[in-house]
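I opened a notebook page for this structure and wrote down what I looked up, entry by entry.

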Amino acid sequence: MKYEFIKRENLKEKPHGELGFGKYFTDYMFSMDYTDQVGWHDVKILPYGDVNLNPATMVLHYAQETFEGLKAYRGADGKVYLFRPEMNARRFINSNKRMCMPIVPEDLFIGAIEELVKVEEAWIPEKEGESLYIRPFMFANETSVGVHVAKTYKFLIIASPVGAYYPQGIDPVKIYVEDEYVRASPGGTGFVKCGGNYAASLIGQAKAEELGYTQVLWLDGVHRRYVEEVGSMNAMFVIDGKVITAPIEGTVLPGVTRDSILKLLEEYGYEVVEKHLSIDELIEAARSKKLTEAFGTGTAAVISPIGELYYKGEKVQVNDFKTGNLTHRLYKDLTDIQWAKVEDKYAWRREVK
Ligand SMILES: *Cc1c(COP(=O)(O)O)cnc(C)c1O
C-alpha cells in the first residue's frame with residue numbers, strides 16, 4: 001500500500017501498569033480524505049494528534065459518522081494477528097451505504113489497518129489478555145449547515161493498547177431491561193455501527209447505572225417485547241439446552257463475536273435458534289431455572305455473563321449469579337484462537353507481516 005509517512009520528533013512513553021480500556025493512544029494514526037471528484041486521497045500515517053474542525057463541519061450538526069472496532073493480538077508464537085478483519089471491512093461498507101457515506105474497499109480498509117499496526121508494533125502489549133484495540137472511523141467534514149449528504153469525508157484509524165478485560169476471572173453483570181426507551185426500529189440504523197445509535201441509547205445506560213445496573217438489555221422498537229441486544233454486545237440465552245439469540249434483520253448489530261460464537265456452538269453440538277424471544281418468555285425461563293446461562297458477546301469483552309435481569313420491578317437471577325460452564329468454555333476456545341494458542345481451523349486469524 002502506498003502512503004506518506006510523517007514521522008514524529010519524539011515517541012511517547014509507553015504506559016506502565018493497568019491499561020484499562022481506551023485511555024492511551026499510540027504515536028501515530030492513519031488518515032485519508034474523500035471528495036466526490038477525487039475519491040480517496042491524501043493517504044498517510046501521521047503523528048497522533050488533534051483534528052481541527054470548522055464550527056460548521058457537518059458531522060457536528062447532522063452526525064454522519066460510522067466506526068469499527070477490532071483488535072491486534074500478540075500471538076503465543078510471537079507473531080501479530082488480526083481476527084477476521086474482513087468481517088469488519090464488510091460491515092463498515094454496509095454501515096456507510098446506509099449513512100450515504102462513501103465506502104472504503106475491503107483491501108484498502110484491511111491494508112490501512114495492517115500498515116498502522118506494523119508502524120505501531122511496539123505498542124501491542126504482551127501480557128496475558130492484553131491487546132491493541134483498533135478504531136477505524138469516518139465522518140462528514142464538509143463545512144455547511146444546510147442538511148444534505150456531505151460531499152467530503154475523513155477516514156481515520158487510531159489505536160489504543162488495552163488491558164485484560166477479566167484480570168480477576170469472568171464476573172457476571174447485572175442487566176436492566178429497558179421498557180421505555182428504544183435503541184432501534186425496523187428501517188432505522190440498528191445494524192449500523194454509528195455514533196448516532198449510541199447518542200440515542202445513552203439515556204437508557206444512564207438510567208440503568210442510576211439503579212445499580214451495568215448495562216441495558218434493549219427490547220425491539222415496535223412492541224417493546226422481544227429481546228434484541230445488550231449495550232455494545234449481542235445477547236444469547238441458553239434455555240432448555242438451546243442457545244437463543246435475536247436474528248440479524250436490521251435492528252441488531254451483526255457482531256463478529258456473535259458470528260464466531262455461533263460457529264463454536266454448532267461445533268459443540270448445540271442447537272442455535274435465531275428468533276424473536278419475548279421478554280416474558282425469558283423472565284419465565286429464568287424464574288423456572290430453564291434459563292441456565294445468558295451472556296453478551298462483543299470484541300472488547302469477548303463474552304460477558306449476565307447474572308441478573310431486572311424487568312418492571314422484578315429481579316431474576318441466572319445460574320445463581322455465577323459464570324456458567326458454557327460461558328467459560330466459549331471464552332477459552334475463542335481467546336485461544338485469537339492469541340494463536342491453538343490451530344486456526346476456521347482461518348479466522350490474519351497474520352500482519
Ligand atoms: C460493536 C457492537 C457489537 C459487537 O460487535 P463485535 O463485532 O462482536 O464487536 C454489538 N452491538 C453493538 C450495538 C455494537 O456496536
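**Entry 1: a loop lysine**

I began with Lys-322, which sits in the loop between β17 (314–317) and α7. I noted that the model is a predicted one. Next I checked the accessibility of Lys-322. Its relative accessible area is 48%, so Lys-322 is partly exposed; the exposed class begins only over 50%. I also looked up a distance from Lys-322 to Pro-305. The two are 17 residues apart along the chain, and their C-alpha atoms are separated by 8.3 Å.

**Entry 2: the whole chain**

I then stepped back to the protein chain. I counted 7 helices and 18 strands in it. Along the principal axes, the C-alpha trace spans about 60 × 50 × 35 Å.

I looked up burial next. Of the 353 residues, 53% count as buried. The chain exposes about 16100 Å², and carbon and sulfur atoms supply 50% of that area.

Residues 24 or more positions apart account for 71% of them.

For charges, I found 43 positive and 51 negative side chains. The centres of the two sets lie 1 Å apart.

**Entry 3: two domains**

How is the protein chain divided? I found domain 1 at 4–162 and domain 2 at 173–339. Their centres, taken over C-alpha atoms, are separated by 27 Å. The contact takes 25 residues from domain 1 and 22 residues from domain 2.

**Entry 4: a strand valine**

I picked Val-227, which is in strand β11 (residues 227–230). Is Val-227 buried or exposed? The relative accessibility of Val-227 is 5%, so it counts as buried; the cut-off for buried is under 20%.

I then listed what Val-227 touches, leaving aside its neighbours within four places in sequence. Val-227 is in contact with Leu-217, Trp-218, Leu-219, Phe-237, Ala-246, Leu-277, Ile-279 and Leu-282. I also looked up Asn-54, which is 173 residues from Val-227 in sequence. In space the two are 41 Å apart, C-alpha to C-alpha.

**Entry 5: a helix asparagine**

I found Asn-94 in helix α2 (residues 85–98). Its relative accessibility is 42%, so Asn-94 counts as partly exposed. Asn-94 and Val-182 are 88 residues apart in sequence, and 22 Å lie between their C-alpha atoms.

I wrote down a reminder before looking at backbone angles. Most residues other than glycine have a negative phi.

Ala-63 is not a glycine, yet it has a positive phi of about 60°. I placed Ala-63 in the loop between α1 (59–62) and β4 (65–67). With a relative accessible area of 36%, Ala-63 is partly exposed.

Ala-347 also has a positive phi, of about 55°, although it is not a glycine. Where is Ala-347? I found it in the loop between α7 (325–338) and β18 (349–351). At 57% relative accessibility, Ala-347 counts as exposed, the cut-off for exposed being over 50%.

Methods
Residues are numbered from 1 along each chain as its sequence is written. This is a predicted model: local features need pLDDT of at least 70, side-chain atom pairs count only at pLDDT 80 or more; totals for chains, interfaces and linings use all residues. Side-chain values use heavy atoms; hydrogens and water are left out. Helices (H or I, at least four residues) and strands (E, at least two) are DSSP runs, numbered from the N terminus. Buried means under 20% relative accessible area, exposed over 50%, partly exposed in between (1.4 Å probe, protein chains only). Contact means heavy atoms within 4.5 Å. Accessible areas come from the Shrake-Rupley method with a 1.4 Å probe; for residues, only the protein chains shown count as cover. Lys and Arg count as positive and Asp and Glu as negative; His and the chain ends are not counted. The place of a charge is taken as NZ of Lys, CZ of Arg, CG of Asp or CD of Glu. Domain bounds come from an automatic or database domain assignment.
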